[in-house]
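Subject: Structure for your review

Dear colleague,

Please find below the sequence and structure that I am handing over to you. My findings follow directly after it.

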Amino acid sequence: MKITDTGNDIVIHGAENFNLEHIFECGQCFRWNKLDANTYLGVAYGKPLRVSQNGDMITFHSTSMHDYQYIWRRYFDIDRDYGAIQAQLQRQGVAYEDAVMPQAIRHGGGIRILAQEPFEALISFIISANNNIPRIKLIVERLCMHFGDTAEYEGEIYYTFPSAERLAQCSLADLEVIRAGFRAKYILDAAAKVASGEIAPEPLRDLDYTHAKAELLKIKGVGDKVANCIVLFGLGHYSAFPVDVWVRRIVEHCYFGGSAADCDIAEFARERFGEYGGFAQQYLFYYARELKIER
DNA sequence: CACCAGGCAAGCC
DNA sequence: GGCTTGCATGGT
């Protein structure tokens, strides 16, 4: 892998196990939109970015080596060996005569688990509860437009994700414009707890998975599933295995041959995938959606 | 019109 | 403790 600075763009040649479509269509993030066949545009860490892919060449447009090194390199998890993770999950698959995981990896092998901002992950996944992805994206976008800061990029105006302090000043009436429904009160509870320091998301990175999750469960609107998403996508706890309707469907269908209890699915994931639970979950989620598995 | 969406909290027993 | 129900909103 080689990284070059063209003066306007940062270009990676020889990227492996990296596919923008897989990365942005696996449900982990809500602020990236497809511009054309090989280009996405989004905002993270207060910075808009246009990123495109041609084969193993990735171009981060209109950015600097500084921002690549300090933001995008970590955000896109560039330094992790996904080939090794996939090989490990495949070996596990062989041991259990599991044909599903190899198929899932064949379909979504370019997935990267993005290192998202913890507060953004917290609010975004509160909004995700009993909701669908297109509408989650709309609500998050309205939240940013109304309460985020502006950021200019390539001659256009974009909006950053609002801070906890800004959201904590809002009333329920203020939030009506984002049409989050019953989730609005949970957004305010989360913002208040973070703004007051009662919950400090960033330090939860240093706790173990179980304790980090337990802290998040103190927030209204954060249950087991949402907490798992936050620790996985915002705090780098890669053993987390969030079980949503799609993962439930594929796990029940392919591994249990019928319905299974929440705790049995969690135990299955722990034993089968261990520290790679989060990666396994992403491959399964992407695969289940591609298969359009019915209930 | 019913049913669903990356679930959760509150109310039951 | 486990199980059921209501929930805002928009799409099919």
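Leu 284 is in contact (heavy atoms within 4.5 Å) with Val 100, Met 101, Ala 104, Phe 241, Ile 250, Val 251, Tyr 255 and Phe 273, neighbours within four places in sequence being left aside. The model is predicted, so local features need pLDDT of at least 70 and side-chain atom pairs pLDDT 80 or more, while totals for chains, interfaces and linings use all residues. Residues are numbered from 1 along each chain as its sequence is written, chains are lettered from A and ligands numbered from 1 in the order in which they are written, and side-chain values use heavy atoms, without hydrogens and water.

Leu 284, together with Leu 122 and Phe 273, has the most contacts inside the largest nonpolar core, which has 73 residues. Such a core is a set of buried Ala, Val, Leu, Ile, Met, Phe, Trp, Tyr and Cys residues joined through side-chain atoms within 4.5 Å; buried means under 20% relative accessible area (1.4 Å probe, protein chains only). Its largest share, eight residues, comes from α14; helices are DSSP runs of H or I, at least four residues, numbered from the N terminus. At least three residues come from each of domain 2 (82-113 + 240-291) and domain 3 (118-233), with bounds from an automatic or database domain assignment. Another core, of 24 residues, lies apart from this one and includes Ala 44, Trp 72, Tyr 75 and Tyr 153.

Helix α11 (residues 224-233) has eight of its 10 residues buried, among them Cys 229 and Phe 233. These buried residues pack against α5 (118-127), α10 (209-216) and α14 (277-291).

The surroundings of DNA strand C, taken as residues with a heavy atom within 4 Å of it, are Asn 130, Asn 132, Arg 135, Arg 179, Gly 181, Phe 182, Arg 183 and Lys 185.

- Asn 130: 3.0 Å from a base nitrogen
- Arg 135: 3.2 Å from a base oxygen
- Arg 179: 2.6 Å from a phosphate oxygen

Finally, Asp 189 is found in helix α9 (residues 184-195). Asp 189 counts as buried because its relative accessible area is 18%. Not counting residues up to four places away in sequence, Asp 189 touches Ile 219 and Lys 220.

Yours sincerely

Conventions: Buried means under 20% relative accessible area, exposed over 50%, partly exposed in between (1.4 Å probe, protein chains only). Helices (H or I, at least four residues) and strands (E, at least two) are DSSP runs, numbered from the N terminus. A polar contact is a pair of N or O atoms within 3.5 Å; within protein, one must be able to donate a hydrogen and the other to accept it, and residues adjacent in sequence count only if both atoms are side-chain atoms.
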